[in-house]
Every structure is written in structure tokens, then in C-alpha cells.
Amino acid sequence: MEQLYKKGIKNLKSSLEMGDLSISALWTVIGLPISLLSVLYFALNRRKNVVLQDKVVFITGASSGLGEALAEAFYFCGCKVVIAGRNAEKLEELRNRLESKKQDHHHSALVCILDLEDDDLGEKVQQAVTKVWGRVDILINNAGMSYRGAVAETKSEVDKKLMVVNHFGHIEITKAILPYMVKQNSGHIVCISSVQGKLPIPHRSAYAASKHAMQAYFDSLRAEVDHQGIQVCVVSPYYIRTNLSVNALSADGSTYGKLDQTTMKGYDPHFVAQRVVKCVQQRQDELILAPFYVRVAICLRVLAPWLYFKIMASRARKELGINNKKK
Ligand SMILES: NC(=O)c1ccc[n+]([C@@H]2O[C@H](COP(=O)([O-])OP(=O)(O)OC[C@H]3O[C@@H](n4cnc5c(N)ncnc54)[C@H](OP(=O)(O)O)[C@@H]3O)[C@@H](O)[C@H]2O)c1
């Protein structure tokens with residue numbers, strides 16, 4: 001195989017030198033590796049779809065936005081949903097709404113009050129789990145908060161809060177639920193990260209860092225628990241039409257309070273929720289839900305980092321309203 005590939009490169013070089021680009025040389029160098037990778041992908045990913053009926057799903061940040069849409073999506077698939085969050089009133093409202101449309105194959109929904117900044121987060125989760133169904137099949141680490149600001153002006157408390165809410169809190173919850181999954185020899189952990197976990201942009205440092213940390217941590221966990229029948233999926237969506245920017249923190253710790261244009265034009269949270277359901281059903285390891293040019297930028301960050309850094313520096317200057325030239 002290696003020899004065939006080397007021969008292909010040699011043919012490609014000589015045909016380029018002769019000014020005559022041969023199709024067979026191009027096929028060996030580009031088409032063949034892509035075809036082989038595709039065959040390998042389908043061979044390694046031939047697994048049965050997960051049946052969602054009666055599965056226990058624990059969803060954090062279910063009081064609004066994507067979490068609320070996820071709760072609806074899994075509930076109507078016949079799952080036993082635990083809707084977790086800080087706002088008891090909103091969660092009760094959601095539970096009543098779900099149960100008002102209950103059919104024979106639907107279950108009751110359970111409200112679990114928790115704050116990702118709680119010191120006894122793990123205990124609270126375990127109590128909620130053991131109290132009712134005694135198992136969790138699918139954990140969705142969805143709760144999160146965003147941030148807007150320049151590094152130089154941002155209070156350290158803000159950086160730390162973002163890491164606790166978007167990263168350490170999910171670690172605590174995962175560690176509390178993991179023993180149940182290990183005992184069951186099955187389970188699915190979904191982490192709602194962001195495209196910004198792969199592609200940091202200026203004035204979002206704390207948010208991008210927390211999502212980047214989440215991606216790395218759960219990529220490690222995926223490998224560790226694979227032999228125990230536990231699936232880990234990191235979801236990296238582009239903008240979603242929710243109140244994330246309204247609830248975001250500013251550099252001084254105050255609430256940003258604005259609905260950004262980008263968020264306003266984002267994906268419908270119900271569309272994203274359906275894609276997450278599909279991800280679980282199909283046991284996917286990763287979902288990048290973003291337009292084509294964003295996917296290209298993710299590749300650019302890896303293949304030509306210098307170019308990506310230039311584009312981001314230019315974006316930062318533009319955001320600050322300064323002349324787009326380096327001193
Ligand atoms: N919207 C986007 O453009 C976008 C893009 C990519 C990724 N995401 C990710 O999607 C996830 C859901 O966000 P969203 O867009 O649906 O925004 P959202 O409407 O603001 O929802 C955020 C959820 O997280 C909860 N939360 C925040 N801090 C918490 C804490 N300390 N303890 C417990 N719960 C807490 C909120 O609960 P309360 O009601 O108690 O505040 C709320 O339910 C987040 O992880 C976000 O990073 C969003």
C-alpha cells in the first residue's frame with residue numbers, strides 16, 4: 001500500500017513537471033486515501049441504533065434554550081427525563097407542559113434542582129438518581145454560560161466562574177453518574193460544547209477556554225470508557241437562537257444582557273436537539289453542527305494556523321474599531 005502511494009506521488013510529480021496532470025496519479029494520491037478512510041469509517045461504525053424508549057436521560061440546564069428543547073425531544077421519544085437546573089419555577093413549568101401532552105408510552109418527568117457551582121453537586125446528582133430510577137442511560141451536560149470581554153479587562157472571578165460552570169461542574173456530574181453506567185456496562189455521555197471550543201475567537205477567551213477544556217477532557221474519557229460500553233459524544237454547535245448572549249457575563253462580572261445578531265440568526269434549538277437525539281441513536285462520537293465555511297476554518301486552524309491567527313487578529317482589530325494595519 002505504502003509503495004503504491006509512493007508510486008502515485010512520483011507519477012503526480014513527473015506528470016506535473018511535464019505539464020500533463022494525470023487522472024490516475026491524482027486518484028492514487030487523493031482519491032485512494034479518501035476512499036480507504038471512508039471504507040474504514042463504515043467498517044468501524046457499523047453498530048445497531050440505540051432504542052430510546054424507557055431510557056433515563058439526565059439533562060442539565062433544562063430550564064431554557066437548548067436544554068429545554070432537548071428535554072422535549074427525549075421526552076417525546078419515550079424517555080424518562082430528569083430535568084436539572086437552578087430555576088425551580090421554570091423547570092416545574094416545563095414538566096407540566098411535557099406531562100400535559102403525555103401519551104401511553106411517555107413517562108413522568110423529574111425535576112432536579114442543582115447549581116453547577118454547588119460544592120455538593122455530585123451528592124445532589126446521586127440522590128436524585130437513586131431516589132427515582134436508580135440508573136442513568138444518557139447524561140447530557142448542556143448547562144452553560146457565555147462571556148464577552150477583553151482579556152486585559154476581565155476579572156479573574158469571571159474566568160474562574162466560566163471554568164466552573166462550563167467545565168468543572170460537568171466533571172462533577174459525570175463522575176457522580178459514571179459508576180451507574182459502569183455497573184450497567186452501558187451509557188451515553190453527551191457534552192454540549194461549542195464551535196468555539198475548536199475555533200477560539202477574540203473577546204470570548206474564558207468561554208472558548210472552558211469549551212476547549214471540555215472537549216479535551218471528554219475526548220480522554222471517551223477512550224477510557226470505550227471498553228465498558230459507554231459512548232461519549234462531544235457536540236460543537238455554531239450559534240443557536242437562545243438567550244445565551246443575554247445571560248453572558250461581561251469582563252466586570254455584570255450580565256451582558258444583549259441578544260447578539262449572530263445568536264438571533266442561529267439554528268433553531270429544536271433542530272439542534274433533534275440532531276443530538278440522532279447522535280445518541282447512532283452512537284456518534286462527535287457532532288460539529290456548523291456551516292461549511294466554519295468547518296473549513298476548523299481545518300485551517302490545524303493546517304495553516306498562521307493564516308487563522310492573522311484572520312483572528314484582523315477580526316479583533318475590527319471589533320475594536322481600529323485601523324486594520326499592524327504597527
Ligand atoms: N446559543 C448558542 O449560540 C450556543 C452555541 C454553541 C453552544 N451553546 C451551548 O449550549 C448550551 C445551552 O445554552 P443555551 O444556548 O441554551 O443558553 P441558555 O438559554 O442561556 O441556557 C443555559 C442553561 O444553562 C443553565 N445554567 C447556567 N448557569 C448554571 C449554573 N451555574 N448551574 C446550573 N445551570 C446553569 C441555565 O439555567 P438558569 O435558567 O438557571 O440560568 C440555562 O438553563 C451551553 O452549554 C452553551 O454553551 C450555545
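This is a predicted model: local features need pLDDT of at least 70, side-chain atom pairs count only at pLDDT 80 or more; totals for chains, interfaces and linings use all residues.
Residue numbers run from 1 along each chain as its sequence is written.

**Stop 1: α5 and α6**

Select residues 121-132 to get α5 (helices are DSSP runs of H or I, at least four residues; strands are E, at least two). The axes of α5 and α6 come within 8 Å and cross at roughly 40° (lines fitted to C-alpha atoms over the stretch in contact, angles from 0 to 180 degrees between N-to-C directions). The two helices are therefore oblique to each other (under 35 degrees is roughly parallel, over 145 roughly antiparallel, 65 to 115 roughly perpendicular, the rest oblique).

Now show the side chains. From α5, Leu-121, Gly-122, Val-125, Gln-126 and Val-129 meet a set in α6 that includes Gly-169, Glu-172, Ile-173 and Tyr-180 (contact: C-beta atoms, placed from the backbone, within 7 Å). The residues of this contact split into 7 nonpolar, 3 polar and 2 charged (Ala, Val, Leu, Ile, Met, Phe, Trp, Tyr, Cys and Pro are nonpolar; Asp, Glu, Lys and Arg charged; the others, Gly among them, polar).

**Stop 2: α6 and α7**

Among the residues making the contact are Val-158, Leu-162 and His-170 of α6, and Ala-206, Lys-211 and Tyr-217 of α7. By class, that contact has 9 nonpolar, 4 polar and 2 charged residues.

**Stop 3: the ligand**

Which residues are closest to the ligand? Pick Gly-61, Gly-65, Arg-86, Gly-144 and Thr-242, from a shell of 28 (C-beta atom, placed from the backbone, within 6 Å). Helix α3, residues 65-75, gives the largest share of the shell, 3 residues. The shell has 10 nonpolar, 15 polar and 3 charged residues.

**Stop 4: annotated spans**

An unreviewed UniProt entry lists residues 21-44 and 287-309 as "transmembrane region" (such annotations may be inferred rather than shown by experiment). Select 287-309: this span is 74% helix and 13% strand, with its end C-alpha atoms 24 Å apart. UniProt's "coiled-coil region" covers residues 81-108. In the model, that span is 46% helix and 18% strand, and its end C-alpha atoms lie 8 Å apart.

Notes:
Two residues are in contact if their C-beta atoms, placed from the backbone, lie within 7 Å.
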